[in-house]
Amino acid sequence: MAVARSSHSIRDEAQPSAAEILAWSRGLLDPALRLAVDTMPDSMRGIVAFHFGWRDERGRPDAGAGGKAIRPALTLLSAEAAGAAAESALPAAVAVELAHNFSLLHDDVMDGDRTRRHRPTAWSVFGVNAAILAGDALLAAAFEALAAGPAPAAGVRVLSRAVLDLVEGQSADLAFENRADVTLEECLAMAAHKTGALLGGACALGAVHAAASPAVTARLRAFGERLGLAFQLVDDLLGIWGDPAVTGKSVHSDLHSRKKSLPVVAALTSGTPAGAELAALYLRDDPLTDTAAARAASLVEDAGGRAWATTRAGELLAEALAELDAAEAAPAADAELRTLAHLITHRDH
Ligand SMILES: CC(C)=CCC/C(C)=C/CC/C(C)=C/COP(=O)(O)OP(=O)(O)O
């Protein structure tokens, strides 16, 4: 069922599924995203179109998976939750997706990852310098999109704070690579910055575009932040136990690079024999072989890292939904935000 809808129209009787909500959001987002990319310099458009899956490496039309576009859906629905037409927040939704993709392009360079969304990463095709510049162009385009929207000053404040938090989180993540004593508290703070801030910012942007009160904006931001932390926990779980054919990432990529992801740090700090064995295997500098990465995955599980991360993601979902309750959102958007929240914590890619 295509969810033919606009804000304030009567929707289909049945509650739309997460896939239908994302398809509706994509329908609004994609044309505006393409327009934003069209305004970029010629030298950037090819690599950005490749990254979004619109073009192949030789510039021919392609239909690659451009990402789930969860953040812009949160922005559109948050605007609606706060009483505005979802479409009024489209410039903010575009800005959020552009900023998210800036972070992915740079993250892939920093991590040396070769696969994203079932395709080679942009840097591995076009080179590191081109990928860094394309990320820079996406970030500039994000602020340009906000400047064209109905709440430029407030929007810029929200997005710039989220991006600064993102940078802080990424910086901590990279610093953890050279530390053997990362605590779970530090790792949770890193993930709150790296991922929670942009999901929180996505919701807050929708709220400010709806001219919501500071109290409602704060509730919607807190909803997104809790959800973002749950999102990162699930991402870390998928990075170890996800099916590469579904996630579009290479198998055990986080373990090969000895990332201090949340389940790993939970295991390393568990005080269990499996945690101690994991420390001996993991806290070194040489590359982890396939066999060692598989062993590390089972040690993380034996030490309770998988169970802890799964439980914590469930708790964060409940905390997020409590914030949404307190936001007293418009009913249809409230229901759809709940559906998306469940998708985020129960996804397989
Ligand atoms: C400054 C800097 C380089 C920061 C890096 C921050 C960073 C990459 C954090 C990871 C966030 C994350 C889980 C992304 C995947 O999102 P997704 O699964 O929604 O991706 P999709 O768009 O492919 O669906």
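Buried means under 20% relative accessible area, exposed means over 50%, and partly exposed lies in between, with a 1.4 Å probe and protein chains only. This is a predicted model, where local features need pLDDT of at least 70, side-chain atom pairs count only at pLDDT 80 or more, and totals for chains, interfaces and linings use all residues. Residues are numbered from 1 along each chain as its sequence is written, and side-chain values use heavy atoms, with hydrogens and water left out.

**View 1. Arg-258, a buried loop residue.** Arg-258 has a relative accessible area of 6%, so it counts as buried. Arg-258 sits in the loop between α11 (253–256) and α12 (262–268). Helices here are DSSP runs (H or I, at least four residues; strands are E, at least two), numbered from the N terminus. The phi angle of Arg-258 is near 55 degrees, a positive value in a residue other than glycine.

**View 2. The second largest pocket.** On a 1 Å grid over the protein atoms alone, a pocket is an open set of points with protein on both sides within 12 Å along at least five of seven lines, whereas a cavity is a set where a 1.4 Å probe fits but cannot get out; lining residues have an atom within 4 Å of a point. The space in this pocket is about 250 Å³. That volume is the space filled by probe spheres set on the points, which are joined across faces, edges and corners. The lining has 7 charged, 4 nonpolar and 3 polar residues. Asp, Glu, Lys and Arg count as charged; Ala, Val, Leu, Ile, Met, Phe, Trp, Tyr, Cys and Pro as nonpolar; and the others, Gly among them, as polar.

View 3. The ligand is surrounded by 16 residues. A residue is near a molecule if one of its heavy atoms lies within 4 Å of it. The closest are Lys-68, Arg-71, His-100, Arg-117 and Phe-231. By class, the shell has 7 polar, 6 charged and 3 nonpolar residues. Helices α4 (90–111), α7 (152–176), α8 (184–209) and α9 (214–241) each supply at least two shell residues. The largest share, 5 residues, comes from α4.

View 4. The side chain of Arg-71 has an N or O atom 2.7 Å from a ligand oxygen. For His-100, a polar side-chain atom lies 2.8 Å from an oxygen atom of the ligand. The side chain of Arg-117 also places an N or O atom 2.8 Å from a ligand oxygen. Taken alone, the ligand exposes 630 Å², and the protein buries 93% of that. These areas come from the Shrake-Rupley method with a 1.4 Å probe; for residues, only the protein chains shown count as cover.

**View 5. Val-96 in helix α4.** Val-96 is found in helix α4. With a relative accessible area of 0%, Val-96 is buried. Its C-alpha atom is 22 Å from that of Leu-317, 221 residues away along the chain.

**View 6. Ala-211 in a loop.** Ala-211 is in the loop between α8 and α9. Its relative accessibility is 70%, so Ala-211 counts as exposed.

Methods
Polar contact = N/O pair within 3.5 Å; in protein donor to acceptor, adjacent residues only side chain to side chain.
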